[in-house]
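Subject: Structure handover

Hello,

Here is the structure you are taking over, followed by notes on what was found in it. Please read the notes with the structure open.

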Amino acid sequence: MKPVLVISERDNVATALQALEPGRDLTIARGRVAVLDAVPSGHKIALCVIHAGEAVIKYGSPIGLATAEIPAGAHVHTHNLASTRGRGDLEAPPPRLAEPPDERNGSERNGVGKS
Amino acid sequence: MTERPGFLGYRRPDGRIGTRNHVLVVPTVICSSVVAERVAAATQPIGTAVPHLAGCGQLGPDMRVTHDTLAAYCGHPNVGAVVVIALGCEQVVAQTLAEAARRHGKPVEIVAIQSEGGTVRTTAKATAIAQRFADALAVEPREWCDASELVLSLKCGGSDYTSGLASNPTLGRVTDRLVALGGTAVLGEIAEIMGAEHLLASRATRPATATKLIQIITRVETEARALGLDIRGTQPSPGNIRGGLTTIEEKSLGATHKGGEVAPLADVVAYSAPITQKGLTVMDTPGLDVESVTGMVGGGAQVVVFTTGLGTPTGNPIAPVIKVTGNARTARQMADNIDLDVSGIMDDSETLDAAADRLFAEVLAVASGQQTSAERLGHREFAIHRRNPTI
């Protein structure tokens, strides 16, 4: 089993398919990433630096905004990523029809599932 | 030319196709629900009840949803005959439910607790009627039906990271195949489209359909925001978050894979409203599993495919619910609840297309009568969505 899965080439996070220990070197299509934090299986790891306020991208689409500077190799979860939707505690923008292209057929995904 | 895929179903007088042939025992109101359950228990597995908490003390729109949902079940193609258990003083009108069954060519009788003279007499009389109906239904033959006759409900629950990577994309491929064959699929759970609506809207057959989708998503989001709370904790759920899902956008993008990648978005309909367009329909249901499945079956789905990461037992009183997981641990730990294990996708031992082949075959086998785990275990959960307080 591959240690991580990058779903779309637009993504700046990958999904850990097994628990990742700090110090481990991962090779992905676009290069190498050194694991910084312990990342549980099923959780996300940053593939590059994601600055506070930048979108975290998975499935080729934004899944929220970084709430802190996220270095490459860091665990990405509720401590550094927040939703922009359904946030009654903030004043969230209404949903938009502006659409990023559907990247779910990204090339790296092809390696995993498509035959 | 290859033979078209199909299944053995029950062709109804209204032209629709059933995958099951139940006697439906319908309480008009919470007060007659226990009697309905007893009548169904005495005549199961053909007899099945839809006990519920509503039917009285409800205002306009909520009352209409209760009524329309119960009427939709009375007319549903998986139902061969109907027994209505009334109380006598409730808001839901037994005659209107009976009329819904008759309109679709189904035999129906009403037994009312107040006029019959109590629980014991009502239960005895209604059980005798239900048994007579069941005896007649038991000998009705199935016949070959084209796969395009299927209306497939797409559901996920207890999601984890495997849902968006394995089980939902597998189901999405089945959706695309079924729709390409001329069939129909329905996707609910508006909150779990939030963040992925651009993908579905871009596949709408008409601009008005895309607009309608965006409008109901905006409504749900506005309702959630009006409470002044962060929906995190509800969406995603605590279990979703433990499983690695961080935001509703992430959950939605994974969940929306169930709707395929190319199937056109043909319609957007209200809760439990009839699904009339071939292709993909989005139904306005809440994310709560049982309320969502109840509504999509009410709309006419004859089979439900329910993907899960963490595992969940939910069934339905009249429609088979097929459980699919991409989590190998769940497939082992909750083996009695799982119908199909697609965890091979996670370790590269199976392709999505191969898993989709198996799931499509499973859907057709279940449509032809093969029992699901939920059916074998007696899971018949039913809950009508409510938006307003009881008065």
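B:Val324 stands opposite B:Leu340, a residue of strand 14 of chain B. Please keep in mind that this is a predicted model. Strand 14 of chain B runs parallel to strand 13 (residues 321–325), and two bridges join them.

These strands belong to an open sheet of chain B, which has seven strands in the order 10-11-9-8-12-13-14 with parallel pairing. Strand 10 (265–269) and strand 14 (340–341) of chain B are its edge strands, each pairing on one side only.

Next, the domains. Chain B is divided into domain 1, residues 22–138, and domain 2, residues 148–376. Their C-alpha centres lie 29 Å apart. The contact between them takes 14 residues from domain 1 of chain B and nine residues from domain 2 of chain B. On the domain 1 side, the elements of chain B that give two or more residues are strand 3 (22–27), strand 4 (47–49) and helix 2 (60–74). Helix 2 of chain B gives the most, with five residues. By type, the residues on this side of domain 1 of chain B are eight nonpolar, five polar and one charged.

Then the core. The largest nonpolar core has 147 residues, and those that touch the most other members are B:Val25, B:Val26, B:Cys74, B:Val83, B:Ile85, B:Val304 and B:Val363. Helix 13 of chain B gives the most to this core, with nine residues. Why does the core lie between domain 1 and domain 2 of chain B? Both domains give residues to the core, so it lies between them.

For B:Val304, leaving out residues up to four places away in sequence, the residues touched include B:Ser153, B:Lys155, B:Val293, B:Met296 and B:Val297. Also among them are B:Asn316, B:Ala319, B:Pro320, B:Val321 and B:Ile322.

Last, the contact between chains. Chain B puts 44 residues into the contact and chain A puts in 34 residues. On the side of chain B that touches chain A, the elements giving two or more residues are helix 6 (161–180), helix 7 (197–201), helix 8 (207–226), helix 10 (248–255) and helix 13 (352–367) of chain B. Helix 8 of chain B supplies the largest share, seven residues. The residues on this side of chain B divide into 21 nonpolar, 11 polar and 12 charged.

Regards

Conventions
Residues are numbered from 1 along each chain as its sequence is written. Chains are lettered from A and ligands numbered from 1 in the order in which they are written. This is a predicted model: local features need pLDDT of at least 70, side-chain atom pairs count only at pLDDT 80 or more; totals for chains, interfaces and linings use all residues. Domain bounds come from an automatic or database domain assignment. Two residues are in contact if their C-beta atoms, placed from the backbone, lie within 7 Å. Helices (H or I, at least four residues) and strands (E, at least two) are DSSP runs, numbered from the N terminus. Ala, Val, Leu, Ile, Met, Phe, Trp, Tyr, Cys and Pro count as nonpolar, Asp, Glu, Lys and Arg as charged, and the others, Gly among them, as polar. Two strands pair if DSSP finds at least two bridges between them. A nonpolar core is a set of buried Ala, Val, Leu, Ile, Met, Phe, Trp, Tyr and Cys residues joined through C-beta atoms within 7 Å. A residue is buried if 20 or more other C-beta atoms lie within 10 Å of its own, exposed if 12 or fewer, and partly exposed in between; C-beta atoms are placed from the backbone.
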